[in-house]
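Keep the sequence and the model open while reading.

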Amino acid sequence: MLYATPFKRLLLGAALALGLSTAQAADLQPLRVANQKSTIKALLDASGESQNVPYEIKWSEFPSASPLGEALNAGAVDVGALGDAPYVFALGAGASIKVISIIHAEGRNTTALLVPKDSPIKTAADLKGKKIVTGRGSIGHYLAIRALNDAGLSTQDVHFIFLLPAESRLVLDNGTADAWATWDPYTTVVTSQSNARVLVSGKNLLSNHLYFAATGQAIADKRVQLDDFVARVDRAYAWANTHPDEYAAAQARITGLPLAVHVEVAKDTHLSPVAIDDSVVRGLQTTADTYVKEGLLPTHIDVSQGFDPSFNTKRAPQL
């Protein structure tokens with residue numbers, strides 16, 4: 001306990017810098033943050049935004065978006081980041097959560113449907129009767145559905161194999177699957193190492209948004225922490241845009257993928273905050289309606305109930 005007092009004073013000092021009273025700073029509860037493969041924690045650490053936080057951040061690690069969404073649904077964590085599709089599934093499961101922050105990723109192959117370099121498949125229409133590997137309920141899954149629909153096909157016209165990314169690459173490389181619907185850094189890995197070919201890019205088909213969602217309880221009880229956390233994430237991504245090499249190094253230490261892969265992704269991707277507005281809500285509603293149409297969600301979901309635009313007032317300026 002001898003070391004607790006200086007640390008507590010440091011936190012109180014940071015909180016006071018935010019305009020909080022001593023009593024308010026002392027009463028701040030820990031913020032429980034769901035982390036998918038350490039990505040957000042690594043970002044905050046590398047950018048320096050994990051320093052002088054006026055409350056404790058309790059990190060929980062998840063291997064993919066699906067269990068992360070389940071943890072939010074169960075109230076086991078306060079906030080976490082999800083792509084379009086996983087967030088829709090979380091809402092469909094009845095989760096009492098709302099989007100409080102959005103980060104948009106603009107890049108070459110942020111999401112893509114890939115085929116082996118020598119594959120006879122030339123267009124999405126050629127996927128009829130073929131096997132597509134992806135993660136169930138992932139953004140890759142949604143990209144595959146959109147690509148099929150644009151080609152006049154449905155999920156009934158193909159065979160899905162649902163696996164995690166590491167396993168997905170193996171089945172694409174060994175020919176078990178004909179195509180892989182995935183996201184960066186995996187798109188960069190297979191295009192650079194296996195010479196896979198991009199059949200369909202998600203650049204114009206998907207929003208490529210990352211949604212930070214918080215539970216209703218956290219929004220009610222931990223608003224100060226959430227406002228501060230959102231601002232830190234915004235600043236951290238702005239830092240990543242101007243420090244791609246450092247950001248890539250931090251990611252490589254977590255994923256175990258080659259540094260060169262992460263450097264290529266970081267230099268090709270621009271990350272920026274997006275306000276919660278009607279166009280964002282309409283875009284996610286399209287995602288939900290697509291899943292209902294394909295029979296992957298049982299009933300209609302009004303996604304507008306899954307956003308809290310009051311957090312827009314606390315967002316950092318667009319950079």
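How many bridges join strand β4 to strand β10, and do they run parallel or antiparallel? Seven bridges join them, and the two strands run antiparallel. Strand β4 covers residues 97–106 and strand β10 covers residues 209–215. In β10, K98 has A214 as its bridge partner.

## Basis of the model

This is a predicted model, in which local features need pLDDT of at least 70, side-chain atom pairs count only at pLDDT 80 or more, and totals for chains, interfaces and linings use all residues. Residues are numbered from 1 along each chain as its sequence is written, and side-chain values use heavy atoms, with hydrogens and water left out.

## The chain as a whole

The chain has 13 helices and 11 strands. Both are DSSP runs numbered from the N terminus: helices are H or I with at least four residues, strands are E with at least two. Of the 319 residues, 52% count as buried. Buried means under 20% relative accessible area, exposed means over 50%, and partly exposed lies in between (1.4 Å probe, protein chains only).

The accessible surface comes to about 14200 Å². Carbon and sulfur atoms hold 54% of that surface. These areas come from the Shrake-Rupley method with a 1.4 Å probe; for residues, only the protein chains shown count as cover.

## The six-stranded sheet

Strands β4 and β10 belong to an open sheet of six strands, in the order β2-β1-β3-β10-β4-β11. The pairing is mixed. Two strands pair if DSSP finds at least two bridges between them. The edge strands are β2 and β11 (270–274), and each pairs on one side only. From one strand to the next, the twist averages 30°. Helix α4 (residues 65–74) packs on this sheet, where it touches β1, β2, β3 (79–83), β4 and β10. The direction of α4 makes about 140° with that of β3. Axes here are lines fitted to C-alpha atoms, for helices over the stretch in contact, and angles run from 0 to 180 degrees between N-to-C directions.

Strands β1 (residues 31–36) and β2 (residues 57–62) run parallel and share six bridges. A34 has S60 in β2 as its bridge partner. Between the two strands, the chain passes through helix α3 (residues 39–47), and this β-α-β crossover is right-handed. That term means that, with the strands pointing away from the viewer, the path from the first strand over the helix to the second runs clockwise.

## The five-stranded sheet

Another open sheet has five strands in the order β7-β6-β8-β5-β9, with mixed pairing. Its edge strands, β7 (159–162) and β9 (197–201), each pair on one side only. Neighbouring strands are turned by 30° against each other on average, direction ignored. Helix α7 (residues 165–173) lies across β5, β6 (131–134) and β8 (179–183), at about 150° to β8. Helix α8 (residues 186–193) lies across β5, β8 and β9, at about 130° to β8.

Why is β5 described as largely enclosed? Five of its five residues are buried, so the rest of the structure largely encloses it. T111, L113 and V115 point one way from β5, while A112 and L114 point the other way. Strand β5 (residues 111–115) pairs with β9 in the antiparallel sense over four bridges. L113 has V200 in β9 as its bridge partner. β5 and β8 also pair in the antiparallel sense, over four bridges. There, A112 is partnered by T182 in β8.

## Cores and a loop glycine

The largest nonpolar core has 51 residues; L113, L127, I132 and F307 touch the most other members. Such a core is a set of buried Ala, Val, Leu, Ile, Met, Phe, Trp, Tyr and Cys residues joined through side-chain atoms within 4.5 Å. I132 is in contact with residues including L113, L127, A144 and F160. A second, separate core of 32 residues includes I40, F212, V233 and L271.

G129 lies in the loop between β5 and β6. G129 is partly exposed, with a relative accessible area of 45%. Leaving aside neighbours within four places in sequence, G129 is in contact with D157, V158 and H159. The C-alpha atoms of G129 and H159 are separated by 6.8 Å, although the two residues are 30 apart along the chain.

Key. Contact = heavy atoms within 4.5 Å.
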